[in-house]
Amino acid sequence: MPTKDPSKTLGTVPLTEDNPATRMASDAAALQDQGLRAMSQFGMAWAEGLSNMGSEVLSFVADRIKEDVATQHKLLHCKDVADFQQIQSEFMQKAIDQYTAETGKLVQMSQELYPNTVGEDDKAN
């Protein structure tokens, strides 16, 4: 009895172009290929956007550390309590302003991230 090539059959049903199982498998493979290609493009844009956001956060933290060091220097050299309180007050107000601005910037970056990950076909819909 001749041995059947398993890649040419599905159980006992031969896999030919006019076989519905073959067409379904072929269609499923084509859909999977399209989905993976789209996810690949989505992943690249997403990774780039997240990288940009990470760089922004690191830059902000570095700037804030510089502000902290400068404030500590001022506090070490102040002459009286009123001066100390003024330095603290300015520090807190500047920190609040900078954190608020940075939060807005990161929200904007995250909102811009999504449209850059949508394919041209999706933008038309």
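This note goes through the salt bridges of a predicted model.

1. Residues are numbered from 1 along each chain as its sequence is written, and side-chain values rest on heavy atoms, with hydrogens and water left out.

2. Searching the whole structure gives 3 salt bridges, the term standing for a side-chain nitrogen of Lys or Arg within 4 Å of a carboxyl oxygen of Asp or Glu.

3. E56 pairs with K105 in a salt bridge whose closest N and O atoms are 3.4 Å apart. This pair links distant parts of the chain, since E56 belongs to helix 1 (residues 20-76) and K105 to helix 2 (residues 81-117), 49 residues apart; helices are DSSP runs of H or I with at least four residues, numbered from the N terminus. E56 is buried at a relative accessible area of 18%, while K105, at 42%, is partly exposed (buried means under 20% relative accessible area, exposed over 50%, and partly exposed in between, with a 1.4 Å probe and protein chains only).

4. A salt bridge also joins the side chains of E67 and K94, at 3.0 Å from N to O. Here too distant parts of the chain are linked, with E67 in helix 1 and K94 in helix 2, 27 residues apart; K94 is partly exposed, at 37% relative accessibility.

5. Within helix 1, D68 and R64 lie 4 residues apart, about one turn of the helix, and they form a salt bridge with the closest N and O atoms 3.5 Å apart. R64 counts as buried at 6% relative accessibility, whereas D68 is partly exposed at 30%.

Terms used:
Predicted model: local features only at pLDDT ≥ 70, side-chain atom pairs only at ≥ 80, totals over all residues. Helix = DSSP H or I, 4+ residues; strand = E, 2+ residues; numbered from the N terminus.
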